[in-house]
Amino acid sequence: MKREPSKSALIAAALRQMAVEGWMEAALAKAEAAEGWAPGTYRAYFPAGLADFNREFHLWVDEGMRGLLAKQPDFEAAKIREKIFRCVMARLQVLLPHRTAVQRFISHQLMPWNAARGIAGLGRAANVMWKAAGDRSIDYNYYTKRVLLSGVYAATL
């Protein structure tokens, strides 16, 4: 048995399996077996199953985006449009190695019973990108910026 994995390792292993199996809890169990982790490892980290995994997946992408942006020395000096472009590109760069799993994730989120969580996740991603770009608006622009970026990001993704 391998030592206890990090959340990042769990997510990466699950994404490899989800590319084959689809975005379902059975893929989490198969990832455990493929990695040699104890049965129930995913349940320990994600007690609500796929719902918890989805939330952590979004946070993992956010963290990856921030890490890539931090490596750009001129990010803070860039104009706001450039910052948003770089945020979108950084998110896509984080997701690119897991392209097939992400396609399956999108299909999963488009199911009628997942639509509310899918829309919330998309809005949350737009909010994270705007905050990373330095947006501090609190008026109606706060909402319009996020709605517009959600549409652009969804279409690009």
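## Basis of the model

The model is predicted, with local features requiring pLDDT of at least 70 and side-chain atom pairs counted only at pLDDT 80 or more, while totals for chains, interfaces and linings use all residues. Residues are numbered from 1 along each chain as its sequence is written, and side-chain values use heavy atoms, with hydrogens and water left out.

## Overall fold

The chain contains eight helices and zero strands; these elements are DSSP runs numbered from the N terminus (helices: H or I, at least four residues; strands: E, at least two). In order from the N terminus, the elements read α-α-α-α-α-α-α-α. The radius of gyration is 17 Å, close to the 15 Å that the globule rule gives for 157 residues, so the chain is as compact as a globular protein of that length. This radius is taken over C-alpha atoms, and the globule rule is 2.2 Å times the number of residues to the power 0.38.

Along the principal axes, the C-alpha atoms fill a box of roughly 50 × 40 × 25 Å. Of the 157 residues, 43% are buried (under 20% relative accessible area, with a 1.4 Å probe and protein chains only). Among contacts with a separation of 6 or more, 66% join residues 24 or more positions apart, a contact being heavy atoms within 4.5 Å.

## Packing of H1 and H6

Two packed helices are described by the angle between their axes and the distance between the axes. Helix H1 (residues 7–21) packs against helix H6 (residues 99–109) at an angle of about 65°, with the axes 8 Å apart. Axes are lines fitted to C-alpha atoms over the stretch in contact, and angles run from 0 to 180 degrees between N-to-C directions. H1 and H6 are therefore roughly perpendicular (65 to 115 degrees).

On the H1 side, Leu15, Met18, Ala19, Val20 and Glu21 meet Thr100, Ala101 and Arg104 of H6. By class, this contact of H1 with H6 has five nonpolar, one polar and two charged residues (nonpolar: Ala, Val, Leu, Ile, Met, Phe, Trp, Tyr, Cys and Pro; charged: Asp, Glu, Lys and Arg; polar: the others, Gly among them).

## Packing of H4 and H7

The axes of helix H4 (residues 50–70) and helix H7 (residues 115–132) come within 11 Å and cross at roughly 20°. That makes H4 roughly parallel to H7 (under 35 degrees).

His58, Leu59, Asp62, Met65, Arg66 and Leu69 of H4 form the contact with Gly121, Arg124, Val128, Met129 and Ala132 of H7. The contact of H4 with H7 comprises six nonpolar, two polar and three charged residues.

Definitions and conventions:
Angles under 35 degrees count as roughly parallel, over 145 as roughly antiparallel, 65 to 115 as roughly perpendicular and the rest as oblique. Buried means under 20% relative accessible area, exposed over 50%, partly exposed in between (1.4 Å probe, protein chains only).
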